[in-house]
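Please read the numbered points below with the sequence and the model side by side.

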Amino acid sequence: MKSPLLLVLCLIATFAAYSQGNNYKQNYTKFQNLAPTPPMGWNSWNKFACNVNEQMIRQIADALVSTGMKEAGYTYINIDDCWHGDRDSLGFIHPDPKRFPSGMKALADYIHSKGLKMGIYSDAGSQTCGGRPGSRGYEFQDAQTYAKWGVDYLKYDWCNTEGLKAEGAYKTITAALQKAGRPMVLSICEWGNDKPWVWGPNVGHLWRTTGDIYNCFDCINDHGSWKSWGVMQILDKQEGLRQYAGPGHWNDPDMLEVGNGMVENEDRAHFSMWAMIAAPLIAGNDLRSMSPATKAILMNKDVVAIDQDAAGIQGFKHTVKDSLETWFKPLAGGDWAVCFLNRSKSTQPVNVDWSRDVINDAVSKQSIATNAKPYLITNLWTKQAMGTTAQPLKANVPSHDVLMIRLRKQ
Ligand code: GLA
């Protein structure tokens, strides 16, 4: 090199060329504004497990609209495990050609044509929990494929992840979704193993706090190497987590079992408590054959409104007496939801003296103002007016049932 100037120019050109190819900065932050309130929709797993196909999913989308579920706020049609076929020679994933012969793009188009959104499922490990191809090593390619299909929601599971660290694995898929460029809700499903509530809020929109739900009110199903949990067991595992939830980032106590076999009052208690803890409301039953009782529970607009309240404050357990739990949830504008949950085998009395029982919430800094104008009380299941907080509230709650009320500021 004869001239030092030439040398400098050469170096600049080389650096410019090098940095051209490397100037993409990964974005490990989730898409914003996708879940200001807990996501609502339907997922195939609780009822159908691996038995998914495009005809059934289309029928469910139809039913979501025709039953009024869409109108009540349920938006996502989420296909869980086992939709997968094989990867091709270039590594692209394809749906099972027998179960989804028209392909995922056509299915997403159909779901979108109904004004709904489509969710899909993958796994951070080498294989999904159902033994289908996982996304490990294919994260960016899979995210591009899902974006091309028109997917709006990704549930990302945690089976077969030996050696992976959860925070890094979920940040990788978030970066991949960002690179693919189509906004998607990211549902973190690592069962609460590695405290996703600590690192999850910027990475995903919801995170499972526990292992899988089991369709019973109060039991544990022991599968040997793992357990699944009844509704009450899952509820107890939410202790200490409410401060991590809020608009855009939610604790996920797993999908609903309403309509899958518990008795009506247990389904009602399950749904009420999921609303009290601002859980995502992802129905898990067969929407094509819902009983009137199941419909009345899933589409109780007053209870859905408690879940979907704009303040996004997760409710809390205040007292327990003789297996009767009293839960409170502060709402936007100064109203409150109150739920009395009877876990015992016999009817339990409720007796609240609002002037004496002071309710302060240290997390949201809200309190029930007992010296202001009394609140109006409405029973959210019977729709009956129950007086005001000027008088003590007396009622009976049947076994495995709730009394759920709204205190309305006057
Ligand atoms: C895990 C998840 C479930 C479901 C199954 C699918 O168990 O926690 O919600 O997605 O995998 O195999």
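1. Strand 16 (348-352) gives the largest share of the lining of the second largest pocket, 5 residues, strands being DSSP runs of E with at least two residues and helices runs of H or I with at least four, numbered from the N terminus. Strand 13, strand 14 and strand 16 each supply at least two residues of that lining. The second largest pocket has a volume of about 340 Å³, and of its 17 lining residues those closest to the centre are Thr 319, Lys 321, Leu 324, Thr 326 and Asn 351. By class the lining divides into 9 nonpolar, 5 polar and 3 charged residues, where Ala, Val, Leu, Ile, Met, Phe, Trp, Tyr, Cys and Pro count as nonpolar, Asp, Glu, Lys and Arg as charged, and the others, Gly among them, as polar.

2. A word on the basis of these values: this is a predicted model, in which local features need pLDDT of at least 70 and side-chain atom pairs count only at pLDDT 80 or more, while totals for chains, interfaces and linings use all residues. Residues are numbered from 1 along each chain as its sequence is written, and side-chain values use heavy atoms, with hydrogens and water left out. Pockets and cavities are found on a 1 Å grid over the protein atoms alone: a cavity is a set of points where a 1.4 Å probe fits but cannot get out, a pocket is an open set with protein on both sides within 12 Å along at least five of seven lines, and lining residues have an atom within 4 Å of a point. Grid points are joined across faces, edges and corners, and a volume is the space filled by probe spheres set on the points.

3. The largest pocket holds about 510 Å³ of space. Of the 26 residues that line the largest pocket, Trp 45, Cys 129, Trp 191, Asp 212 and Trp 226 are the closest to its centre, and the elements giving two or more residues to this lining are helix 2 (45-48), strand 6 and strand 10 (227-229). The lining of the largest pocket comprises 11 nonpolar, 6 polar and 9 charged residues.

4. How many cavities of 30 Å³ or more does the model contain? The count is 1 cavity, and the volume of the largest cavity is about 100 Å³. Its lining includes Asn 43, Tyr 153, Lys 155, Arg 208, Asp 252 and Asp 254, and strand 6 (153-157) and strand 8 (206-208) are the elements that give two or more residues to it. The lining of the largest cavity divides into 5 nonpolar, 3 polar and 4 charged residues.

5. The axes of helix 3 (residues 54-66) and helix 4 (residues 104-113) come within 10 Å and cross at roughly 10 degrees, the axes being lines fitted to C-alpha atoms over the stretch in contact, with angles from 0 to 180 degrees between N-to-C directions. Helix 3 is therefore roughly parallel to helix 4, on a scale where angles under 35 degrees count as roughly parallel, over 145 as roughly antiparallel, 65 to 115 as roughly perpendicular and the rest as oblique. Glu 54, Ile 57, Arg 58, Ala 61 and Asp 62 of helix 3 make the contact with Ala 106, Leu 107, Tyr 110 and Ile 111 of helix 4, contact meaning heavy atoms within 4.5 Å.

6. Asn 33, in the loop between helix 1 (4-20) and strand 1 (40-43), has a phi near 65 degrees, a positive value in a residue other than glycine. Most residues other than glycine have a negative phi. Asn 33 is exposed, with a relative accessible area of 73%, where buried means under 20%, exposed over 50% and partly exposed in between (1.4 Å probe, protein chains only). Ser 323, in the loop between strand 13 (316-321) and strand 14 (324-330), also has a positive phi, near 65 degrees, and is partly exposed at 36%.
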